[in-house]
Amino acid sequence: MSVVKIAEDKYQNKLQFAHIDVASAKNLAAASTTVWDATSARHVVITPTAADAYVSVTPNGTSTVPDGTGTGYSLGKLITFGSSYTTIVRAGERIATSAIINVVSLGEV
């Protein structure tokens with residue numbers, strides 16, 4: 001049986017992850033698209049740092065920044081300030097965001 005550690009972030013959200021790779025954590029700029037990992041898939045936690053953010057995971061080469069309108073990549077997933085969202089980003093995919101977000105990988109380090 002594996003050990004799972006439970007912690008709280010600064011907004012008192014309960015976090016339950018076996019491993020958080022804090023060395024990989026980065027803030028991504030507002031109105032940007034960033035390739036998270038070019039060679040392998042990663043399970044990530046996305047947390048807005050100052051305001052609600054629309055976020056989408058797009059194929060490499062797609063530079064659409066989500067804004068909550070339209071469909072597909074331009075719509076994005078709303079992640080409210082004070083909450084976090086976990087997803088899988090495959091090798092070469094981009095994380096696009098409308099506001100500043102913090103992204104950290106989960107899993108073995």
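1. Start with a pair of strands. Strand β6 (residues 53–58) pairs with β7 through three bridges, in the antiparallel sense. Two strands count as paired if DSSP finds at least two bridges between them. Strands (E, at least two residues) are DSSP runs, numbered from the N terminus. Within this pair, Ala53 faces Ile79 of β7.

2. A word on the source. This is a predicted model, in which local features need pLDDT of at least 70, side-chain atom pairs count only at pLDDT 80 or more, and totals for chains, interfaces and linings use all residues. Residues are numbered from 1 along each chain as its sequence is written, and side-chain values use heavy atoms, with hydrogens and water left out.

3. Which strands make up the open sheet that holds β6 and β7? The order is β4-β9-β6-β7, four strands with antiparallel pairing. At the edges stand β4 (32–35) and β7 (77–79), each pairing on one side only. From one strand to the next, the twist averages 30°. For such angles, axes are lines fitted to C-alpha atoms, and the angles run from 0 to 180 degrees between N-to-C directions.

4. There is another open sheet of four strands. Its order is β3-β10-β5-β8, again with antiparallel pairing. Here β3 and β8 are the edge strands, each with pairing on one side only. Neighbouring strands are turned by 30° against each other on average, direction ignored.

5. Look at β10 (residues 101–106) in that sheet. Five of its six residues are buried, so the strand is mostly covered. Buried means under 20% relative accessible area, exposed means over 50%, and partly exposed lies in between (1.4 Å probe, protein chains only). Strand β3 (residues 20–28) runs antiparallel to β10 and is joined to it by five bridges. Ile20 sits opposite Leu106 of β10.

6. Now take β5 (residues 42–48). It pairs with β10 over six bridges, in the antiparallel sense. Pro48 stands opposite Ile101 of β10, and His43 stands opposite Leu106. Strand β8 (residues 85–89) also runs antiparallel to β5, with five bridges joining the two. In β8, Thr87 is opposite Val44, and Ile88 is the bridge partner of His43.

7. Why is β5 called largely enclosed by the rest of the structure? Because five of its seven residues are buried.

8. Ser32 is worth a check. This residue is found in strand β4. Its relative accessibility is 14%, so Ser32 counts as buried. Leaving aside neighbours within four places in sequence, Ser32 is in contact with Val65, Ile95, Ala96 and Thr97. Contact means heavy atoms within 4.5 Å.

9. Is Asp52 buried or partly exposed? At 43% relative accessibility, Asp52 counts as partly exposed. Its place is in the loop between β5 and β6. Not counting residues up to four places away in sequence, Asp52 touches Leu78, Ile79, Thr80, Phe81 and Ala99.

10. Two distances for Asp52 remain. A polar atom of the Asp52 side chain lies 2.8 Å from the backbone nitrogen of Phe81. A polar contact is a pair of N or O atoms within 3.5 Å; within protein, one must be able to donate a hydrogen and the other to accept it, and residues adjacent in sequence count only if both atoms are side-chain atoms. The C-alpha atoms of Asp52 and Ile101 are separated by 9.2 Å, and the two residues are 49 residues apart along the chain.
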